[in-house]
Amino acid sequence: MLAALMMTAVLSALPPQDGQAAGTRTPPDPAAAVRLEDVVVDARRLEDAAREFVDEVANPVGRRGLARWHRGVCVGVANLRPELAQQLIDRVSDVARGIGLTSHEPPCHPSILIMATSDADAFTERFIAMRPALFQPGGSGMNQGPAALERFRSSDQVVRWWSVSQPTDSDTGVSAVRMPGQCNLNCIGAGSAVQYAPNTAVRGTARLSSQYRQDLKRTFVIVDVDRLGGVTLTQLADYIAMVALAQIDPDADTSRFETVLNLFDDPAGVQGLSGWDQAYLEGLYGASWYRISQNSQVHAVSDNIAREYRQDRAAEDRDEGGDGR
């Protein structure tokens, strides 16, 4: 059924990679943008700016921590010519490998599925109606909920995305929340709550950490190719990498930051993943998995962003013969 639905979309070509981008929205004020180069001279401002960026773009589920992929991803593309699809797969996979993930090559089962269509509204409506359990599996804390799904369905964005995550016992790798139909014993008759609840052995307690992590399980990215304008394939791939490898808020106001998330507001001014974006992904995947509260995890990611950026700048200074400060 999914394959039949995808075949209803028009096979569309994207602009060449060296095409000029043409924006249709009012670009953000460059003077208001927060550039890492401007904040590095003041350590406190760098930490503050990093925290503001994380607070703005991160979109964890409810009271859960920030989710990320565990070990690896498989990137799939539907409804594009094979050569264009492969370029998207290669670039998103390269970004994933750059932050320490394994990237499996098709024909693996896609955990990140990018779908191109000439009518994103109708396509999204049919996709959700056909396979609702893919978007809302039924486990507690695995997605943003019905209101967010409705916003995804009716979104006017050129690129829209939906992620499903899973609270996971780090000792066993199994779900830490009950899934529909899950049963631990013989489940004959009505049974008891114990039979249907996930069983996990608590190895210890701590005030700041937990044995449970938040794993991304699948992400759907729908691209309205008729609205891409002059956005190049490289720009699009970097944008998709950012929203697929982290839980990004589709309503985030990123006009103050230099980020690929501003692509469709200022295509000509965005080349691809920025220093902010790269530092965010490296900070997210370099932070401790097991922060017990969302707030402490945000702090950890922010600290990692600042550290990663300083290390990158120090390396650049050494390459240029500077003193690394």
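Modeller: Helices here are DSSP runs of H or I with at least four residues, strands are runs of E with at least two, and both are numbered from the N terminus. Pro-107 sits in the loop between β2 (102-104) and β3 (112-117). This is a predicted model, where local features need pLDDT of at least 70, side-chain atom pairs count only at pLDDT 80 or more, and totals for chains, interfaces and linings use all residues. Residues are numbered from 1 along each chain as its sequence is written, and side-chain values use heavy atoms, leaving out hydrogens and water.

Biologist: Why is Pro-107 called exposed?

Modeller: Its relative accessible area is 85%. Exposed means over 50%, buried under 20% and partly exposed in between, with a 1.4 Å probe and protein chains only. Pro-107 is therefore exposed.

Biologist: How do you know that α5 and α7 meet?

Modeller: Contact means heavy atoms within 4.5 Å. Asp-121, Thr-124, Glu-125 and Ile-128 in α5 meet Leu-149, Phe-152 and Arg-153 in α7.

Biologist: What describes two packed helices?

Modeller: The angle between their axes and the distance between the axes. Axes are lines fitted to C-alpha atoms, for helices over the stretch in contact, and angles run from 0 to 180 degrees between N-to-C directions. Helix α5 (residues 120-130) and helix α7 (residues 146-153) have axes that come within 9 Å and cross at roughly 140°.

Biologist: Which strand gives the largest share of the lining of the largest pocket?

Modeller: That is β4, with four residues. Both α7 and β4 (159-169) supply at least two residues each of this lining.
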